[in-house]
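Please look at the structure before reading on.

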Amino acid sequence: MENIIYNDLIQRGYSVDVGVVTDRSGGRHVQREIDFVVNDADKKFYIQSALRMDTDQKESSELASLMLTKDFF
């Protein structure tokens, strides 16, 4: 599924990267991935992709990396 999203974004002319943020909560350092960091001139979009988000734990996990960006894009 991620290849489909990546290919579509590239075809639309976006520059696409994978993002990594560090979760330092609770005295730990956990690397969390942002599936797609999409750049379009001075705009930036973060996209997470998941086949299923059927539990609160999965939803929290997917959102955690986005919340850690703290750059308000």
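## Helices and sheet

Helix α1 (residues 2–11) lies across β1, β2 and β3 and runs at about 30° to β2. Helix α2 (residues 56–67) packs on the sheet as well, where it touches β1, β2 and β3, and its direction makes about 65° with that of β2. Touching, or contact, means heavy atoms within 4.5 Å. The angles, which run from 0 to 180 degrees, are taken between N-to-C directions of axes, and these axes are lines fitted to C-alpha atoms, for helices over the stretch in contact.

This is a predicted model, in which local features need pLDDT of at least 70 and side-chain atom pairs count only at pLDDT 80 or more, while totals for chains, interfaces and linings use all residues. Residues are numbered from 1 along each chain as its sequence is written, and side-chain values use heavy atoms, with hydrogens and water left out.

## The strands

The sheet is open and has 3 strands in the order β1-β2-β3, with antiparallel pairing. Its edge strands are β1 and β3 (43–47), each of which pairs on one side only. From one strand to the next, the twist averages 35°. Two strands count as paired if DSSP finds at least two bridges between them.

Strand β2 (residues 30–40) is joined to β3 by 5 bridges, and the two run antiparallel.

## The whole chain

In total, the protein chain has 2 helices and 3 strands, and along the sequence they follow the pattern α-β-β-β-α. Helices (H or I, at least four residues) and strands (E, at least two) are DSSP runs, numbered from the N terminus.

The C-alpha atoms fill a box of roughly 40 × 30 × 15 Å, taken along the principal axes. Of the 73 residues in the protein chain, 21% are buried. Buried means under 20% relative accessible area, exposed over 50%, and partly exposed in between (1.4 Å probe, protein chains only).

## Asp23

Asp23 is found in strand β1 (residues 15–23). Is Asp23 buried or exposed? Asp23 counts as buried because its relative accessible area is 7%.

The side chain of Asp23 makes a polar contact with the side chain of Arg32 (3.2 Å). A polar contact is a pair of N or O atoms within 3.5 Å; within protein, one must be able to donate a hydrogen and the other to accept it, and residues adjacent in sequence count only if both atoms are side-chain atoms. Leaving out residues up to four places away in sequence, Asp23 touches Arg28, His29, Val30, Arg32 and Leu68.
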